[in-house]
Amino acid sequence: MAVVYFDIVDYDSVIGEGKLMAYDTDGDGDFDVEDAKVLLGLTKDGGSSANAESLEEVLNILAEEGSDWIYGFFTFLYDVVSLPVERAEEEEAKEGAEEGEKEKKERMEKEEKERKERREKDEKEWKERMEKEEKERKERREKEEKERKERMEKEEKERKERMEKEEKERKERMEKEVKDRMERMEKEEKERMEKERVAREKAEKERLERERIAKEKERIAKEKAEKERLEQERIAKEKERIEKERLERERIAKEKERIERERLIIKIFKLCSCHFCHFLLLFILAKKKKPKLFNKFDKTIKAEIDAAEKLRKKGKVDEALRAFESLVQQYPQSPRARYGKAQAEDDVAEKLRSNDMLQRAINTYREAAELPDATSDLLMAALKRRAERQQFLGRMRGSLVTLERLVQIFPEDISLKNDLGVAHLLLGDNKGAKKVYEQVLAAAPNNGFAKVHYGFILKSENKIAESIPYLKEGLESGEPGTDDGRFYFHLGDALQRVGDNSAYHWYELGHQRGHFASVWQRSLYNVEGLKAQPWWTPKETGYTDLVKMLERNWKTIRDEALAVMDRNTGQFIPEEENLREKGEWGQYTLWQQGKKVGNSCQGVPKTCSLLEKHPEATGCKRGQIKFSVMHPGTHVWPHTGPTNCRLRMHLGLVIPKQGCRIRCTTETRQWEEGKVLIFDDSFEHEVWQDADSYRLIFIVDVWHPELTAYQRQTLSPI
């Protein structure tokens, strides 16, 4: 059973506040008993649904004020309504007058009594309920107070714990912030110091770079000056050589002319003894024959041509060129003016070192030769000079075509055929050259120039014994073009191969003529002033790191070479320089002329990887890096390398215990597995392989240590 407790409420204040003014039904300005009767349906027109709705609203309003308000409201209604109800009952009693007064009284008393008892009972129950509710309320309040205290204590405890936790977190955060700040400050300090260090290093690096650039510029300037000096010397030597050859040719021509004159004089003397005829003949023969460069038309403008030619001979080449260009413009059909223009362009090209200008001169020489009415002397001079300048520019095939035309025009001129043979040799056409020199020797059997070149061709064909007399007689003739180191070299080599010790006589002559550095050192493509000795130590070369690397990794290098031999022996190509007297000698090349050879490194990747760290070897444009396998019974003729710009290292990989040796000059040595031999192969050396099994070595050529970086960069490959 639910029990509700109500508090005493001041209902007048409730009515006075105007909360129930909306239910003033009689319009007297307040909410009173009459208004309540209407709401409760106690009036004659009460009990409508509208009243019930209004009463519900009133109760809702009172409910908003709390449970005490509801109790108070019903008490109020009881007090207000009870009296009118009693009155209504009395009226009903009067109306039932037919009932007895006694019964009425008894009923009333009884009702009064019952009402009183009910009221007492209600009051008692109400009091008990109130006490019980008060007790429960008190207990509830105590419980709530206890719970509130416990909650407050718990909240206080949680608050303290939270505050302690927050304080701890705050301290930890502050400590962390302090630590982070310190770390940040340390980091910033380190970064600042690092920036300062980097800035200092950068400044130092920039300073060093500026110094390096300045030194590099100075070095480049020196090298450029040195290059220009060497080029000037080379040009001067080339000019001197060409002039020497020209003078020699002129001397021989004059000598031939003199001999022919003398022969003619003797013949005439025999035919006629008249002193007048003798005197006249001598006068005619003594008169110098000048080349005829002027045709009939050219003679009409000879004064203008001579004026331009005078400027050219005085060295005023730019003025001379302008003068000849003007003449060619005025007289386009003049061969002599065109030839003078070509000579002036040739001189300007020499002055400016301009290949473009030289090509213009070559074209103008051709134009002069192609003009009608050009004299034979002018035609000869223009085409010969054109061929020479084409060779100078490396236009070998063009030079060959020009010389073939000259030979067609002047078939009796032996010197032109000799030049044509050289043009074939420069193109590597030994067969064509051989054919030309056979024609020359058929017409002039004693021509020394043709003999040395013909002997050279026979030697290249391995016709050793046949080549010797041609080479020897050609050199002994002393004719222009025969005094060449190659002819002394090949004559001596041919004599050595036939066992003739006079080879060293010719080597000595070659040395005396300036072609060889010594009897032993006979390379032809040299740089003067380099240290020359046959055998070298690693320390003397300055390449100790390379030597140590080779000796430390010799087994790896050997194993890769053997693997290549096992997979495909055909990769070892037979020696092609005709250096073997007998036997088998194969080579597997990795680098040549400073460049890798095809895919050869794929077979020996570790070896190539080791070498790539040593540019003194891989960048040597005048050398090779290769494996060399030599089989028993092989003998390599005494020979020399082509240049003094390199040193040669031999690393022993598979070396038989006996029978393998190498001689350089007068000293003979043997290879050892895992050890490096170093020698200068521009000195004469010889190899014997008399063992019972193959010999395998690794050959590494390196730049001569005294060559400058500029020389290493600019020297042509060999």
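Predicted model: local features only at pLDDT ≥ 70, side-chain atom pairs only at ≥ 80, totals over all residues.

Trainee: How many aromatic pairs are found in a search of the whole structure?

Mentor: The search finds 12 aromatic pairs. One of them is formed by Phe572 and Tyr588, with ring centres 5.5 Å apart and planes at 35 degrees.

Trainee: Why is the pair of Phe572 and Tyr588 called tilted?

Mentor: Rings pair if their centres lie within 6.5 Å, and planes under 30 degrees apart count as stacked, over 60 as edge-to-face and the rest as tilted. With centres 5.5 Å apart and planes at 35 degrees, Phe572 and Tyr588 therefore make a tilted pair. The pair links distant parts of the chain, with Phe572 in the loop between helix H22 and strand E2, and Tyr588 in strand E4, 16 residues apart. Phe572 and Tyr588 are both buried.

Trainee: And what makes the pair of Tyr588 and Phe627 stacked?

Mentor: Here the centres are 6.2 Å apart and the planes stand at 15 degrees, so the pair is stacked, given that the label needs planes under 30 degrees apart. Tyr588 lies in strand E4 and Phe627 in strand E6, so the pair ties together parts that are 39 residues apart in sequence. Phe627 is buried, as is Tyr588. Elsewhere, ring pairs link Tyr504, Tyr507, Phe516 and Trp520 into a cluster.

Trainee: Is Glu575 buried or exposed, and how do you know?

Mentor: Buried means under 20% relative accessible area, and Glu575 has 6%, so it is buried. Glu575 is found in the loop between E2 and strand E3. Its side chain reaches the backbone nitrogen of Asn578 at 2.9 Å, and it makes a polar contact with the side chain of Arg580 at 3.1 Å.

Trainee: Why is the approach of Glu575 to Arg580 called a polar contact?

Mentor: A polar contact is a pair of N or O atoms within 3.5 Å, where one must be able to donate a hydrogen and the other to accept it. The side chains of Glu575 and Arg580 are listed as such a pair, at 3.1 Å. Leaving aside neighbours within four places in sequence, Glu575 is in contact with Arg580, Trp585 and Gln587.

Trainee: What makes Arg338 buried?

Mentor: The relative accessible area of Arg338 is 14%, so it is buried, the limit being under 20%. Arg338 lies in helix H10, and its side chain makes a polar contact of 3.3 Å with the side chain of Glu367.

Trainee: Is Arg648 buried or exposed, and which side chain does a polar contact join to it?

Mentor: With a relative accessible area of 10%, Arg648 is buried. Arg648 is found in strand E8, and a polar contact of 2.7 Å joins its side chain to that of Asp701.

Trainee: Why does Arg353 count as partly exposed?

Mentor: Buried means under 20%, exposed over 50%, and partly exposed in between; Arg353 has 41% relative accessibility, so it counts as partly exposed. Arg353 is placed in the loop between H10 and helix H11, and its phi is near 55 degrees, a positive value in a residue other than glycine.

Trainee: How do you know that Asn462 is partly exposed?

Mentor: Its relative accessible area is 44%, so Asn462 is partly exposed. Asn462 has its place in the loop between helix H16 and helix H17, with a phi near 65 degrees, again a positive value in a residue other than glycine.

How values were computed: Residues numbered from 1 in each chain as written. Heavy atoms only, no water. Phe/Tyr/Trp six-rings, centres within 6.5 Å; stacked < 30°, edge-to-face > 60°. Helix = DSSP H or I, 4+ residues; strand = E, 2+ residues; numbered from the N terminus. Buried < 20%, exposed > 50% of the residue type's maximum accessible area, 1.4 Å probe, protein only. Contact = heavy atoms within 4.5 Å.
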